[in-house]
Amino acid sequence: NFQAKADYEKADAELNAAYQEAKKLLPPDRQKLLLNAQRAWLKYRDAAAKSAASAYEGGSIQPLITFTTLTEMTQFRTKQIKDLTRP
């Protein structure tokens with residue numbers, strides 16, 4: 001569980017860096033669209049992780065499932081954001 005949490009924190013830091021870079025490179029109208037999309041995605045990601053882990057409620061594996069889901073989704077979202085600024 002400790003390593004899964006550390007992996008998630010690393011992925012989240014990479015997402016935040018990609019998001020900040022995209023904000024710098026996108027025109028203002030697209031920055032606003034990105035902000036709205038990111039807010040909605042964060043709610044979705046958190047709900048999806050909670051849903052995935054709910055089958056293990058109270059078990060020792062529940063945090064692992066939560067952090068693994070968060071990490072995988074966050075890594076994918078980071079790629080999506082980086083793709084927004086590629087020519």
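Helices here are DSSP runs of H or I with at least four residues, strands are DSSP runs of E with at least two, and both are numbered from the N terminus. Arg 77, a residue we will return to, lies in helix α3.

This is a predicted model, in which local features need pLDDT of at least 70 and side-chain atom pairs count only at pLDDT 80 or more, while totals for chains, interfaces and linings use all residues. Residues are numbered from 1 along each chain as its sequence is written, and side-chain values use heavy atoms, with hydrogens and water left out.

## The overall picture

The chain's secondary structure comes to three helices and zero strands. Reading from the N terminus, the order is α-α-α. The C-alpha trace spans about 45 × 20 × 15 Å along its principal axes.

How much of the chain is buried? Buried residues make up 29% of the 87 residues. Here, buried means under 20% relative accessible area, exposed means over 50%, and partly exposed lies in between (1.4 Å probe, protein chains only).

A contact means heavy atoms within 4.5 Å. Of the contacts in the chain with a separation of 6 or more, 74% are between residues 24 or more positions apart.

## Helices and what they bury

Let's start with α1, which has 24 residues and reaches 35 Å from its first C-alpha to its last, close to the 34 Å expected. The expected span is 1.5 Å times one less than the number of residues. Its buried residues are Ala 4, Tyr 8, Ala 11, Leu 15, Ala 18, Tyr 19 and Ala 22. Look at the spacing of those numbers with this in mind: an α-helix has 3.6 residues a turn, so residues three or four places apart point the same way. What covers the buried residues of α1 includes α2 and α3.

Helix α2 covers residues 28-54, and its 27 residues reach 39 Å, close to the 39 Å expected. On this helix the buried residues are Leu 34, Gln 38, Trp 41, Arg 45, Ala 49 and Ala 53. Their cover includes α1 (2-25) and α3 (62-84).

Thr 71 is found in α3. This residue is buried, with a relative accessible area of 9%. Leaving out residues up to four places away in sequence, Thr 71 touches Ala 4, Asp 7, Tyr 8 and Ala 11.

## Nonpolar cores

A nonpolar core is a set of buried Ala, Val, Leu, Ile, Met, Phe, Trp, Tyr and Cys residues joined through side-chain atoms within 4.5 Å. Which residues form the largest one? There are nine: Leu 15, Ala 18, Tyr 19, Ala 22, Leu 26, Leu 34, Trp 41, Met 73 and Ile 81. Each of α1, α2 and α3 supplies at least two residues of this core, and α1 gives the most, with four. A second, separate core has five residues, including Tyr 8, Ala 49, Phe 67 and Leu 70.

## Charged side chains

A salt bridge is a side-chain nitrogen of Lys or Arg within 4 Å of a carboxyl oxygen of Asp or Glu. The structure holds six salt bridges, and three of them are listed here.

| Salt bridge | N to O distance |
|---|---|
| Glu 9 and Lys 5 | 3.9 Å |
| Arg 45 and Asp 12 | 3.8 Å |
| Arg 86 and Asp 83 | 2.5 Å |

Glu 9 and Lys 5 both lie in α1, four residues apart, about one turn of the helix. Arg 45 lies in α2 and Asp 12 in α1, so this pair ties together parts that are 33 residues apart in sequence. Arg 45 is buried, with a relative accessible area of 5%, whereas Asp 12 is partly exposed at 22%. Salt bridges that share partners join Asp 12, Arg 45 and Asp 46 into one network.

Now back to Arg 77. This residue is buried yet has no salt bridge, and the nearest side chain of opposite charge, Asp 83, is 9.6 Å away. For charge, Lys and Arg count as positive and Asp and Glu as negative, while His and the chain ends are not counted. What does the side chain of Arg 77 join through a polar contact? The partner is the side chain of Gln 38, at 2.9 Å. A polar contact is a pair of N or O atoms within 3.5 Å; within protein, one must be able to donate a hydrogen and the other to accept it, and residues adjacent in sequence count only if both atoms are side-chain atoms.
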